[in-house]
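Take a look at the chain below. We will walk through it step by step, one term at a time.

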Amino acid sequence: MKDQLSRVEKRLQGLVEGSLSRLVGGKLSPAAVANQLAAGMIDGLVWEDDGSASAPDQYAIALHPKDVESLISQAPELSSDLSQALLEAARESGYAMPAAPHVTLAADPTLKRWEVRVVAWHSETQLEFTQAGDGGDGKTGEPVPAGAYLILHGQKHFSLDRALINVGRRLDNQLILDDPHVSRTHAQIRARDGRFVVFDLGSTGGTLVNGNKVHQHVLRPGDVITIAGVSMVYGEDPGGPPDATPSYSPPFPPRPAGDQLTRTWKDHRRKET
């Protein structure tokens with residue numbers, strides 16, 4: 001895995017350096033962008049039985065909002081350049097990528113200036129949550145326990161105010177956990193018969209509740225859910241989450257979402273015309 005990452009990273013750095021080094025006064029490191037893009041590609045590989053691998057065709061590059069604006073204004077065509085670089089690097093590495101991938105800029109105010117993070121995924125897996133969410137019973141409109149929430153790392157709260165919450169590293173989860181050991185589609189928290197149940201969705205590292213690996217578990221206040229290096233305490237209170245903890249905000253804007261702070265170079269060009 002390290003050899004794969006190093007090879008792709010080296011190739012991408014050579015491809016993106018010319019495009020990025022001249023922008024924003026050299027403040028955005030081409031090496032950092034190449035590293036994150038390569039890691040996203042390798043981490044998102046889907047392996048077939050014959051040993052071949054398909055690379056992700058969707059990439060979100062998260063930066064501080066001011067950095068996003070600077071890049072969009074200075075390089076409206078940069079999306080195409082990075083897309084072609086990813087396509088070339090994937091094919092040179094022997095990974096299937098039928099067409100140039102889609103590259104999106106995501107404004108994340110939690111990042112420092114010129115810090116960059118990348119998440120990659122396959123567009124054809126968008127229905128995965130719907131399939132996993134059926135749980136074999138096809139129920140919808142389940143009542144949600146009043147005032148249910150999670151406390152992440154004892155620092156932030158996440159309100160469980162809907163009947164189905166997908167948890168994982170990918171952008172279309174409701175609860176995004178930015179940890180390389182978290183699977184893209186890791187777990188699901190679903191209302192059933194007036195209680196919340198946590199399901200492991202065949203993740204690589206598994207889902208633990210109170211230290212025990214579970215496939216599904218009916219949650220009770222005080223239960224501790226552990227996913228990779230992320231610890232979450234389940235609670236219920238009619239008054240809602242404790243005021244002492246700030247609300248969780250995702251490391252990347254969730255996808256899809258109508259109010260997300262996400263723009264693409266294509267969107268920018270359309271507004272200019």
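Buried means under 20% relative accessible area, exposed means over 50%, and partly exposed covers what lies in between (1.4 Å probe, protein chains only). Keep those cut-offs in mind. Alanine 228 has a relative accessible area of 35%, so this residue is partly exposed.

A word on the source comes next. This is a predicted model, in which local features need pLDDT of at least 70 and side-chain atom pairs count only at pLDDT 80 or more, while totals for chains, interfaces and linings use all residues. Residues are numbered from 1 along each chain as its sequence is written, and side-chain values use heavy atoms, with hydrogens and water left out.

Now the overall picture. The protein chain has six helices and 17 strands. Helices (H or I, at least four residues) and strands (E, at least two) are DSSP runs, numbered from the N terminus. Of the 273 residues in the protein chain, 45% are buried. Contact means heavy atoms within 4.5 Å. Take the contacts between residues at least 6 apart in sequence: 64% of them join residues at least 24 apart.

Go back to alanine 228. This residue is found in the loop between strand E15 (224–227) and E16. Aspartate 193 is exposed, because its relative accessible area is 58%.

Next, look for aromatic rings. A pair of them is described by the distance of the centres and the angle of the planes. Rings of Phe, Tyr and Trp (its six-membered ring) pair if their centres lie within 6.5 Å; planes under 30 degrees apart count as stacked, over 60 as edge-to-face and the rest as tilted. How many aromatic pairs does a search of the whole structure find? The search finds one. Phenylalanine 196 and tyrosine 234 form this pair, which is edge-to-face, with 6.5 Å centre to centre and 80° between the planes. Phenylalanine 196 lies in strand E11 (residues 195–200) and tyrosine 234 in strand E16 (residues 230–236), so the pair ties together parts that are 38 residues apart in sequence. Phenylalanine 196 counts as buried, at 0% relative accessibility. Tyrosine 234 counts as buried too, at 1%.

Is serine 203 buried or exposed? It is buried, with a relative accessible area of 13%. A polar contact is a pair of N or O atoms within 3.5 Å; within protein, one must be able to donate a hydrogen and the other to accept it, and residues adjacent in sequence count only if both atoms are side-chain atoms. The side chain of serine 203 makes a polar contact with the side chain of aspartate 200 (2.6 Å). Another joins the side chain of serine 203 to that of histidine 186 (3.1 Å). Leaving aside neighbours within four places in sequence, serine 203 is in contact with Ser183 and His186.

Threonine 104 counts as buried, at 10% relative accessibility. A polar contact of 3.1 Å joins its side chain to that of histidine 102.

Glutamate 115 is in the loop between E4 and strand E5 (117–121). Glutamate 115 counts as partly exposed, at 28% relative accessibility. A polar atom of its side chain lies 3.0 Å from the backbone nitrogen of lysine 112. Glutamate 115 and alanine 62 are 53 residues apart in sequence, yet 8.3 Å apart in space, C-alpha to C-alpha. Beyond neighbours within four places in sequence, glutamate 115 is in contact with Ala62, Leu63 and His64.

Finish with leucine 45. Its place is in the loop between helix H2 (30–43) and strand E1 (46–47). Leucine 45 is buried, with a relative accessible area of 8%. Leucine 45 and tryptophan 121 are 76 residues apart in sequence and 8.7 Å apart in space, C-alpha to C-alpha. Not counting residues up to four places away in sequence, leucine 45 touches Ala53, Ser54, Ala55, Pro56 and Tyr95.
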